[in-house]
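User: I would like to learn how to read the features of a protein model, starting with its sheets. Please give me the general idea each time, and then the case at hand.

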Amino acid sequence: MKSLRMHREHVESTPAERSDEDSWGQFADLPARDLQWIIEQSPTQLAVFDANLRYLYVNTAAVGDPSLRRWLIGKTDFEYCRLRGLDSALAERRMDFILRAIEERRTISFDEEFTDAKGRPLHFIRMCTPIFDQKGELQRLIGFGVDTTETKRLEDELQQAQKLEALGKLVAGVAHDFNNLLTAINGFAQVLSSRLPEPSTERRQAKEILKAGRQAADLTRQLLAFSRSNIRETRDVDLGALVTDQRAILEQILGKGITLLVELSDDELIVRGDPVHLRQILTNLALNARDAMPEGGRLEISVRVADGEPLGAAKGAIELRVRDTGHGMDLETLEHALEPFFTTKTRDRGTGLGLSSVYGIVQQCRGELDIQSTLGEGTDVRIMLPRRMSPRAASDDSSFDSTPRGRGETILVTEDEPAVLELASCCLRHLGYRVLTASNAAEAEAVASREPIDLLLTDIVMPGVGGPELAQRLLERQPTLAVLFMTGYAQREALQHIGRAVSVVHKPFTTECLGRQVRRVLDTHDAASRPAISTVA
């Protein structure tokens with residue numbers, strides 16, 4: 001290290017003693033062996049052609065295999081392409097640029113994309129410079145090439161990521177508004193159902209509205225999962241029931257030419273995870289299977305208890321297996337299948353994020369994934385998820401009867417969507433709370449200045465001043481105020497400046513969820529004797 005430092009100091013302190021001409025003369029005086037070594041070590045491809053555009057010289061970077069160099073001298077680029085198994089159209093494209101450089105008597109640069117003999121896509125920047133004698137006759141042509149394959153790949157990945165980010169923001173915005181509508185639809189359908197007699201046609205119809213609304217909410221959460229704006233909702237999930245519910249969507253994805261076979265064991269198939277993410281696994285694998293079977297085929301999905309399987313999962317794991325009869329993958333493709341952005345599809349057909357996102361979800365669930373595939377024989381994906389020995393999910397037909405009641409506390413509800421404002425107010429009044437309402441932050445501040453409140457229930461995203469800023473303003477006036485946020489999608493950045501732990505749940509909420517969260521926040525606030533901030537949706 002000391003000698004390196006001394007050398008650097010020497011170089012920095014040495015004055016320039018020669019002009020540019022002297023420097024070139026010194027370089028030109030280098031022995032031919034040294035000049036050849038410099039050219040051979042250059043990572044830039046260099047080729048010299050004679051006046052008939054036949055190779056006179058190529059360096060190692062240009063030819064790859066030095067043994068080919070002797071064969072190449074004296075031949076044209078067309079003959080070189082045939083030797084390397086490249087498309088002759090490649091030589092024709094190169095020739096167009098070379099002739100243009102000669103005609104215009106200047107250096108021409110161009111981008112070149114092609115596939116080598118092993119099927120690998122390559123990208124180069126080429127330059128060709130014609131050299132003329134004093135009479136204007138072509139003497140030599142020098143060609144340069146710089147391999148930009150990796151740079152191009154990174155640029156493509158960046159562009160793809162930017163497109164996904166822009167699309168994600170659009171999806172998140174639409175989903176936010178849609179979640180407000182679903183909150184009102186599902187909430188009022190639930191209220192209506194609880195007030196109708198059982199059995200009755202009207203109550204059954206209200207339940208169908210509620211069922212459809214909840215399915216729409218799941219679809220919205222899948223959109224938010226795509227945009228990465230969703231909030232993870234980890235709970236016990238019946239994987240068999242989830243596959244059954246997803247079957248109609250999978251059949252639409254696969255199309256008429258592909259047969260879907262589903263096999264479920266009679267055991268309890270409970271796993272721990274986010275149901276939206278688990279559906280995303282099925283959707284991504286179905287999309288891959290469809291693209292692998294353009295002429296039709298069969299997709300088999302099975303869910304069973306896998307006792308003592310050697311995949312590495314604990315005894316009693318649940319196995320989700322997805323097998324197709326598509327064209328399969330070769331060994332090299334299989335080795336890279338789980339890498340982000342890796343794809344064998346064209347740019348308009350795939351992002352390279354399907355299998356990598358599946359792998360990420362499996363890891364989040366503390367599971368394991370194995371892929372077996374053979375060219376021409378299809379692909380077999382096995383996913384092992386830890387089994388949960390828990391009862392099946394409770395029915396969604398619960399009512400206000402089991403929801404904790406209010407004790408006359410005053411709640412200020414601030415929401416810019418009238419239907420959601422009406423629903424929340426109706427539910428809270430029914431539970432015994434005194435409810436004040438505001439459609440924006442200015443109205444909320446005016447109401448809070450007139451009379452004391454126990455809890456602020458506010459949406460995060462509102463025109464003008466949002467929920468977090470409103471909460472800060474009211475907490476400055478009343479530090480003992482409890483705060484409960486509503487959100488249609490992840491808004492962690494908006495809550496960061498609050499400076500307190502914030503729990504987040506997703507819209508659309510059920511009336512029971514709203515009632516329980518309000519009661520929990522108030523009780524926690526009273527017990528701790530300090531401000532409590534939470535989030536409900």
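Analyst: Two strands pair if DSSP finds at least two bridges between them. Helices (H or I, at least four residues) and strands (E, at least two) are DSSP runs, numbered from the N terminus. Here five strands form an open sheet with mixed pairing, in the order E7-E9-E10-E12-E11. Strand E7 (258–264) and strand E11 (368–374) are at the edges with a single partner strand each, so one side of each has no neighbour in the sheet. From one strand to the next, the twist averages 10°.

Before going further, note that this is a predicted model, in which local features need pLDDT of at least 70 and side-chain atom pairs count only at pLDDT 80 or more, while totals for chains, interfaces and linings use all residues. Residues are numbered from 1 along each chain as its sequence is written, and side-chain values use heavy atoms, with hydrogens and water left out.

User: How many bridges join E9 to E10, and which residue stands opposite Ala-306?

Analyst: Strand E9 (residues 297–306) runs antiparallel to E10, and eight bridges join them. Ala-306 faces Ala-317 of E10, and Arg-304 has Glu-319 as its bridge partner in that strand. E10 also pairs with strand E12 (residues 378–385), again in the antiparallel sense, over seven bridges. Along that pairing, Leu-320 is partnered with Ile-383, and Arg-321 stands opposite Arg-382.

User: What joins E11 to E12?

Analyst: Seven bridges do, and the two strands run antiparallel. Leu-369 has Ile-383 of E12 as its bridge partner. The hairpin of E11 and E12 has three residues between the strands, and Gly-376 in this hairpin takes a positive phi near 80°.

User: How do I judge whether a strand is covered, and which residues of E12 lie on each side?

Analyst: Buried means under 20% relative accessible area, exposed over 50%, and partly exposed in between (1.4 Å probe, protein chains only). In a regular strand the side chains alternate between the two faces of the sheet. In E12, Gly-378, Asp-380, Arg-382 and Met-384 are on one side, with Thr-379, Val-381, Ile-383 and Leu-385 on the other, and all are buried. Eight of the eight residues of E12 are buried, so the strand is largely enclosed by the rest of the structure. Strand E10 (residues 317–324) is mostly covered, with six of its eight residues buried.

User: Which helix packs on this sheet, and which strands does the helix touch?

Analyst: Contact means heavy atoms within 4.5 Å. Axes are lines fitted to C-alpha atoms, for helices over the stretch in contact, and angles run from 0 to 180 degrees between N-to-C directions. Helix H10 (residues 239–254) packs on the sheet and touches E7, E9, E10 and E12; its direction makes about 180° with that of E7.

User: What is a nonpolar core, and which residues of the largest one touch the most other members?

Analyst: A nonpolar core is a set of buried Ala, Val, Leu, Ile, Met, Phe, Trp, Tyr and Cys residues joined through side-chain atoms within 4.5 Å. The largest has 37 residues, and those touching the most other members are Leu-239, Leu-278, Ile-281, Leu-299, Ile-301, Leu-320 and Ile-383. At least two residues of this core come from each of H10, E7, H11, E9, E10, helix H13 (354–364), E11 and E12. Leaving out residues up to four places away in sequence, Ile-281 touches Leu-320, Val-358, Ile-361, Val-362 and Ile-383. A second, separate core has 21 residues, including Leu-421, Leu-455, Leu-514 and Val-521.

User: How can I check the length of a helix such as H14?

Analyst: The expected span of a helix is 1.5 Å times one less than its number of residues. Helix H14 (residues 418–430) has 13 residues and should span 18 Å; its end C-alpha atoms are 18 Å apart, which agrees. Its buried residues are Val-420, Leu-421, Leu-423, Ala-424, Ser-425, Cys-427 and Leu-428. Gly-432, with a positive phi near 100°, follows H14.
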